[in-house]
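Me: I would like to understand how the words used for a structure follow from its values. Could you take me through some of them slowly?

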Amino acid sequence: MPDLLLELFSEEIPARMQRRAADDLKSLVTNALVDAGLPYEGAKAFATPRRLALHVAGVPAASKATREERKGPRVGAPEKAVEGFLRGAGLSSIDEATIQSDPKKGEFYVAVIEKPGRTAIEILAEVLPGLIKGFPWSTSMRWGTGSMRWVRPLHSIVATFGPETEEPDVVPFEVEGIVSGTTTRGHRFLADEAFEVRRFDDYAPKLEKHKVVLDADRRKDIILNDAKNNAMALGLDLVEDPGLLEEVAGLVEWPVVLIGSFEEEFLEIPDECIRLTIRANQKCFVLKNPETGRLANRFVLTSNIEAVDGGKEIIHGNEKVIRARLSDARFFWNTDLKTKLADNLPKLDSIVFHEKLGTQGARVKRLEALAKEIAPHVGADVDKAKRAARLSKTDLVSQMVYEFPELQGLMGRTYAAKQGEDASVAIAIEDHYRPQGPSDKVPTDPVAIAVALADKLDLLAGFWAIDEKPTGSKDPFALRRAALGVIRIILENGLRVSLSDLIGRAVARLSVNVEGQKTDEIIADLMSFFADRLKVYLKDEGARHDLIDAVLALGGQDDLLMVVRRVEALGKFVASDDGANLAAGYKRAVNILRAEEKKDGAKVSGEPQAEYFREQAEIDLAAAIKTARSEAAEAVKSEDFEAAMSGLSRLRAPVDKFFEDILVNAEESEIRMNRLRLLSEIRDAVHVVADFSKIAG
């Protein structure tokens, strides 16, 4: 079957936009083909700095003819209904429709819409110009005197279509004076001559001959493998950086890996500062010494040309720039070391955290007080927690963090260690920001845990107080991430804390007007928010959503570790025969109660009376409920949830027997009510551990 080759050749496309643009091109064209009745076998899109390309394989030569009957309004329907029908069916007159009869609905109009098949080239020539003109670039520009917008000036279009065994045809169309054809160009510096292509099978090899590696993933592999091999030859290891690798692969069409160096004296700067300086300014990778684990005074750069001197001048130019940038970094480093972190505190009073929540200085005071209160609950030294919270934001005004904001925390820890602060205090200055994402580790040092919880709870309490909560997909202050961070810190460290108590302490520290809300309302709303985040976390961990709901429905569940353990025990229980059968019996009891309570307009309550028992199954169930409820309650009190489930399992047999032998809706009202009270007892006994009505199945 025929293939389509499409190339859009332009000035340099920003590296950050190439991958998305290739995906968009593939999606737009293949969707248009399918909509036009041209299914395809496979498609792949490519991007280089100067071109987007698409290969679509197995496209039919033509679309099939179609015939569709479209039912319209009844004969005699209002004129507007008839006009809408004609418009939708593409008819110019009602005379073009046929009339069909239905024994029940009477006569109605039917439009028979027949569409002849069209050649694929004709369809492509019709749809491609619009797709190109309306391409969804995040940013675009106009050039010359034309009105078209593109990410960079568009120079040429290759569009060919045809089977492998024949000479393909050009898909004929024009976009802003650019006529589609078969001509493209190679590498801007190494092979900038025009050449002809026919189909993808000769397009990719010809590009390679003209010093263009079409596939971005292959360019990445070349860079990565050559960088590792060059590093190995020097006895060093490459510090891999997937984000930088993706960017660099989008900057070159013909990657050539070179090694540069800088003076060893710069290695006194922290490794992360060196890496970021070299990465940000020159898009280069760094190397490390496997014996020491520290960076080496070498770097890897990726050139877009094969230089006649083997890259000596390219290396020299990069070394010159990197040397200057590292000199700046060393100056920042040495300057920062001259100032004690504690001496930076007054500067935080001039940095606004949020117009309604005050300055960073005010926030640090809240964190210090809150960390002091949290510390005993997480096994942290109170004085160290206070000190760490006090210094937690002081590196924000350092010159190094001003230059590289992503170093906040890390530089604070480094400076604290250099200035003789306690090791736990230094660790907390860095780790209190964690976790910053689902793959980030959580703090484990007790002091860091105290400050991290204080930081996140203050953030949440503050923005809740000023009514700046997340809405829909919008969360500009990363409050969902903060809540998930609190949950992960508590659960992954096995902490026994009352979350509502900690939230209350955070709210109490705020000095802002709480927008008419009461403290209790803020705590309740935040607890509901945490419940939603906990569901997300537990679902990701494989827990069933209905079991989570069953536990949380009990209310008052602010010990997250116990919630998780209860969910785990409940999961094991309902997976067993006893658990599944008890859940079924419970639901039967609840359904009967719900119907009766609705009928009577009052909830069934009160203990069943032995004098109204008429069958052994009633007597046995009442005794079993008393025993199971007592055992389950004691087990829950001692936080042995598996034992609580085991206690409930005693109800399975008597509940089954009760429903086999007993007619709940007895004729005598006293006996009927007594039996309903037995069902109510089943419900109350089960609710000691979870709300089984939330369990699916």
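Reply: Axes are lines fitted to C-alpha atoms, for helices over the stretch in contact, and angles run from 0 to 180 degrees between N-to-C directions. Helices (H or I, at least four residues) are DSSP runs, numbered from the N terminus. This is a predicted model, in which local features need pLDDT of at least 70 and side-chain atom pairs count only at pLDDT 80 or more, while totals for chains, interfaces and linings use all residues. Residues are numbered from 1 along each chain as its sequence is written, and side-chain values use heavy atoms, with hydrogens and water left out.

Me: What makes H11 and H14 oblique to each other?

Reply: Helix H11 (residues 382-391) packs against H14 at an angle of about 45°, with the axes 9 Å apart. Angles under 35 degrees count as roughly parallel, over 145 as roughly antiparallel, 65 to 115 as roughly perpendicular and the rest as oblique, and H11 and H14 are therefore oblique.

Me: Which residues make the contact of H11 and H14?

Reply: Contact means heavy atoms within 4.5 Å, and here Lys384, Arg387, Ala388 and Leu391 of H11 meet Val425, Ala428 and Ile429 of H14.

Me: Where do H14 and H15 come together, and at what angle do their axes cross?

Reply: The axes of H14 (residues 423-431) and H15 (residues 446-465) come within 8 Å and cross at roughly 35°. On the H14 side the contact involves Ser424, Ile427, Ala428 and Asp431, and on the H15 side Val447, Ala448, Val451 and Ala452.

Me: Why is cysteine 284 called buried?

Reply: Buried means under 20% relative accessible area, exposed over 50% and partly exposed in between (1.4 Å probe, protein chains only). Cysteine 284 has a relative accessible area of 3%, so the word buried applies, and cysteine 273, with 0%, is buried as well.

Me: What makes leucine 459 buried, and which residues is leucine 459 in contact with, leaving aside its neighbours within four places in sequence?

Reply: Leucine 459, which lies in helix H15, has a relative accessible area of 15% and is therefore buried. Apart from those neighbours within four places in sequence, leucine 459 is in contact with Phe353, Arg363, Phe477, Leu479 and Ala482.

Technical notes
Helix = DSSP H or I, 4+ residues; strand = E, 2+ residues; numbered from the N terminus.
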